[in-house]
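Open the model in your viewer and show it as a cartoon. We will go stop by stop, selecting as we go.

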Protein chains: 2
Amino acid sequence: MAAPVLDFWFDFASTYSYPTAMRIRPLADRAGVAVTFRPFLLGPIFKALGWDTSPFNLYPAKGRHMWRDLERICADLSLPFRRPEPFPQNSLLAARVASAAGDAAWQEHFCRAVFWAEFAEGRRIDEPETIGAILADLKADAGSVLAAAQSNEVKEKLRSETAEAQRLNIFGAPSFVTADGELFWGNDRLDSALAWAKRSG
Amino acid sequence: MAAPVLDFWFDFASTYSYPTAMRIRPLADRAGVAVTFRPFLLGPIFKALGWDTSPFNLYPAKGRHMWRDLERICADLSLPFRRPEPFPQNSLLAARVASAAGDAAWQEHFCRAVFWAEFAEGRRIDEPETIGAILADLKADAGSVLAAAQSNEVKEKLRSETAEAQRLNIFGAPSFVTADGELFWGNDRLDSALAWAKRSG
């Protein structure tokens with residue numbers, strides 16, 4: 001029997017996706033669940049809701065709580081945390097590179113490295129220098145990957161992943177979807193999502 | 001030394017406040033934290049954000065996830081769950097009665113009974129019959145409590161509690177505030193809030 005699966009949907013600009021990206025692999029391995037990292041863009045989904053930026057910017061009290069909450073969560077996980085400036089970061093380049101990676105072994109490492117650069121080191125993820133340096137660290141061919149990331153094929157792939165997220169009723173990140181279509185939203189639902197995936201095969 | 005304290009802020013119409021109301025007492029007792037139930041009205045706070053109803057109604061995908069998520073949470077806690085109709089319920093009467101109760105011993109029991117009527121039994125909490133029956137069950141004098149709930153003094157008290165919630169940067173329910181002003185939002189932050197209250201005295 002194949003291992004149970006769980007899709008981890010995220011936008012690189014999403015704050016709560018940072019702790020999820022950092023802790024999902026060991027938790028999934030322990031649960032015997034095969035996780036797929038599925039980057040998408042929240043921007044078009046927020047736009048459809050009438051938002052032109054993060055709800056954490058639109059609603060200051062909500063934003064104030066989120067920053068403090070994330071700080072507490074990272075402290076509990078012993079994860080370094082720096083607030084990205086500006087927020088949200090433009091995640092388009094990183095998402096395209098992750099899409100260009102496809103199912104290459106370094107895709108997941110790349111995703112974690114982007115979150116780390118953004119939230120642990122406070123680097124800008126919209127700069128090709130940041131992304132190029134991450135690719136070089138992973139021994140990927142930065143030049144050809146960055147070129148592939150700008151191809152129509154990859155642009156289209158990312159658009160279609162975002163459309164698929166919307167079809168799955170995803171409205172925020174991180175989100176988790178099981179093989180039987182159960183949707184869980186939020187870093188604090190990771191354990192429940194893994195348990196569901198395991199139970200439902 | 002006095003026991004550490006935690007304020008539990010909620011609106012009776014708030015969906016995630018139901019599981020919190022049902023589980024906070026034994027968890028707080030075990031943690032040695034003195035909890036105060038502080039009902040307020042989310043309506044004026046939502047209005048200030050530009051919302052004329054629950055965000056779960058304004059954003060259907062968010063609402064769809066919430067109902068399913070709440071169903072899962074209640075199943076895990078072995079709590080019965082029925083979706084209130086209409087949603088959100090008008091919580092004004094229940095909130096005024098809870099305010100009228102002040103620090104009477106039955107205030108907390110009343111709050112739990114209202115959540116139970118609404119989310120376990122699917123009863124309308126805006127009807128004086130529902131609230132009167134709950135009061136009678138608690139051996140409170142339903143007639144005089146319902147009259148007190150309509151007094152200017154109680155109306156003013158509830159308004160000032162809502163203003164205090166806003167001052168504390170509360171933007172949703174359930175919310176928890178410690179003696180040192182730390183704000184936690186959401187049923188899934190209850191454990192963290194209790195731990196914080198305990199640590200910070």
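How many residues does the contact take from chain A, and how many from chain B? It takes 13 residues from chain A and 13 residues from chain B. Keep in mind that this is a predicted model.

**Stop 1: the contact, from chain A**

Select residues 60–76 of chain A, which form helix 4.

**Stop 2: the axis**

Show both chains. What rotation superposes chain A on chain B? A rotation of 180 degrees does it, with 0.0 Å of shift along its axis and an RMSD of 0.0 Å. That is the relation of a two-fold axis. To find the axis from chain A, pick A:D188: its C-alpha is the one in chain A nearest the axis, 3.7 Å from it. The same surface serves both copies, since 100% of the contact residues of chain A recur in chain B.

**Stop 3: the sheet of chain B**

Select the four strands of the open sheet in chain B; their order is 2-1-3-4, with mixed pairing. Which strands lie at the edges? They are strand 2 (34–39) and strand 4 (183–185) of chain B, each pairing on one side only. Look along the sheet for its twist, which averages 20 degrees from one strand to the next.

**Stop 4: strand 1 and its partners**

Select residues 5–10 of chain B, which are strand 1. Five of its six residues are buried, so strand 1 of chain B is largely enclosed by the rest of the structure.

Go to one partner, strand 3 of chain B, residues 175–178. The two strands run antiparallel and are joined by four bridges. Zoom in on B:D7, which stands opposite B:V177 in strand 3 of chain B.

Then turn to strand 2 of chain B, which pairs with strand 1 of chain B in the parallel sense over six bridges. Here B:F10 stands opposite B:P39 in strand 2.

**Stop 5: the crossover**

Trace the chain from strand 1 of chain B through helix 1 of chain B to strand 2 of chain B: this β-α-β crossover is right-handed. Finish by selecting helix 1 of chain B, residues 17–31. This helix lies across strand 1 and strand 2 of chain B, running at about 165 degrees to strand 1.

Key
Residues numbered from 1 in each chain as written. Chains lettered and ligands numbered in written order. Predicted model: local features only at pLDDT ≥ 70, side-chain atom pairs only at ≥ 80, totals over all residues. Contact = placed C-beta atoms within 7 Å. Pairing = 2+ DSSP bridges. Axes fitted to C-alpha atoms, helices over the stretch in contact; angles between N-to-C directions. Least-squares fit on C-alpha atoms with pLDDT ≥ 70 in both. Buried ≥ 20, exposed ≤ 12 C-beta atoms within 10 Å, placed from the backbone. Right-handed = clockwise from strand over helix to strand, strands pointing away.
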